[in-house]
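I opened this entry to keep track of two look-ups. My notes follow the order in which I made them.

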Amino acid sequence: MNPRMVYSAHGAAKQVTGSCHLVTCGDTRILVDCGLFQGGNHHDLNFDPFGFDPASIDVLLLTHAHLDHCGRIPRLVRQGFRGRILATAATRDLARIVLLDAAGLQEEDAARAERSGQRRGEQGNGPLFTLDDAFYSLDYFDKPVAYGQTIPVAPGVTAQFLDAGHILGSASILLTLEDRGQTRTILFSGDIGNPHRPILRDPTPAPAADYVVMDTTYGNRPHRSLPDSVDELYRAIRETFARGGNVVIPSFALERAQEILYYLHRGAVEGQLPQNMHVFLDSPMAISATDTFRRHPECFDKTFLAQLREGDPFAAPGLRFTRDTAQSMAINRIEGGAVILAGSGMCTGGRVRHHLKHNLWRERSSVVFVGYAAEGTLARRIVDGARAVRIFGEDIQVRAQIWTINGFSAHADQDGLLHWLGDAPRRKVFLVHGEYERGMAAMTEQLTRKGIPSQVPGMHEPILPA
Ligand SMILES: [Zn+2]
């Protein structure tokens, strides 16, 4: 045992969000991810101290651009971080969009809380970080990292980014640590994607590593198959159009929105969807993310690259990008035949709430959920069968048909995670980023059955690898 090599989780410990992992090797301190805590009562955790001194961190390695992996970066910089941030080119571009959007929301939330006299977290009423903090933090992103290359990141430490197949630019990160003649490897899975999806390559299987820090978002349940889910989406749209209604799809701006656009295009090409439909991508962030996708062909799989050569695989019939509020509001006048993609995916904010207000009470319309709906969110209440929900202070009856299609997940399910991990011997697997009672418990059981030692780290708990 080398007491100078320490691992500790400062987020996503017995919970799903807030990924933030610290690795100490001798005098070097490396952070992997610096994500936001999300969802109802977790939000206040963002105002807590990090559990380490941000100024002491040499390098931050970022697995991908989802907010629960990068959303505390501006705060880290504000509290003294002056190191380098290493990420793939696509992650860097997407993180820019994600952080600036989040900063705008933080400022709005803080202003609203101040007006209502509500206190938020230990620090009072200020935003978690401002737009200025977000811009400033972007300066710390270093040259982009290519998949597969081994790069020196600090004295005694190299890193290799491997394609995680989760969202554009996503990576698992393999760290090799050397101190006083001892070498150890530790692999951070990041979020692992689902294989056989369009656009992205399948996740690179986990390489040999002494330790694995593994995400367990869906560690307890299998997904529905993707082809079945696509068929169900097409059926939802056809049936809704036949009734004369609209289809509202609350959608995450990264990856899911682009995937759905891809399937709408393909459905029209294959004759599964009508050519005369209207499709609205009503999310400035998703529109920017779609542009970013087009700039990163290095992340695409072979099939998608071939499809790109034949035309625009995102261009569904009647597709319109509505950046302006006025364009967005004009969608409310359409009574039927439209597919409306808008954020946020869990309906906690964003333009989708307007579209829900205009369509939820209409029997002819449908709302199609294609992503994860965390507990306590508006999406979850609707998915769970609420008869009425409150939107903008109004009680809205739920009469639209509600569809929940879970096969589009960007997360590997239990089988996918076990397949990714493979059978190579491991000294220990640390389970993070999951629901403690469900995903983590189920995965612990699976690993025990396979004879792989595992541990669920507690928040800020220093772990000395054996
Ligand atoms: Zn993710």
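Which residues on the other side of H13 are exposed? I worked on a predicted model. I found Glu437, Thr448 and Arg449 exposed there.

**Helix H13**

I checked the length first. H13 covers residues 436–449, 14 residues in total, and should span 20 Å at 1.5 Å a residue. I got 19 Å between its end C-alpha atoms, which agrees.

Next I listed the buried residues of H13: Gly439, Met440, Ala442, Met443, Gln446 and Leu447. Looking down the helix axis, I saw them fall within an arc of 155°, so they line one face. I recalled that an α-helix has 3.6 residues a turn, so residues three or four places apart point the same way.

I then asked what this buried set packs against. The partners are E10, helix H12 (414–421), strand E19 (428–432) and strand E20 (454–455). After H13 comes Gly451, and I noted its positive phi, near 75°.

**Zinc site**

I looked up the protein donors of the zinc ion. They are His64 (NE2), His66 (ND1), His166 (NE2) and Asp191 (OD), at 2.2 to 2.3 Å from the ion. Along the chain their spacing reads H-x1-H-x99-H-x24-D.

His66 sits in the loop between strand E4 (59–61) and helix H1 (67–70), and Asp191 in the loop between strand E9 (182–188) and strand E10 (211–215). The pair therefore ties together parts 125 residues apart in sequence.

Why do I call the arrangement irregular? The four donor atoms subtend angles of 92 to 161° around the zinc ion, which makes it so. A tetrahedral label would need all angles between 85 and 135 degrees.

Last, I checked Asp191: it is buried, with a relative accessible area of 2%.

Note on methods
Residues are numbered from 1 along each chain as its sequence is written. This is a predicted model: local features need pLDDT of at least 70, side-chain atom pairs count only at pLDDT 80 or more; totals for chains, interfaces and linings use all residues. Side-chain values use heavy atoms; hydrogens and water are left out. Donors are N, O and S atoms within 2.8 Å of the metal (3.2 Å for Na, K and Ca); water is not among the atoms, so sites may look incomplete. Four donors count as tetrahedral if all angles lie between 85 and 135 degrees; four count as square planar and six as octahedral if opposite donors are over 155 degrees apart and all others between 65 and 115; anything else is irregular. Helices (H or I, at least four residues) and strands (E, at least two) are DSSP runs, numbered from the N terminus. Buried means under 20% relative accessible area, exposed over 50%, partly exposed in between (1.4 Å probe, protein chains only). The expected span of a helix is 1.5 Å times one less than its number of residues. The arc is that of the directions from the helix axis to the C-beta atoms. Contact means heavy atoms within 4.5 Å.
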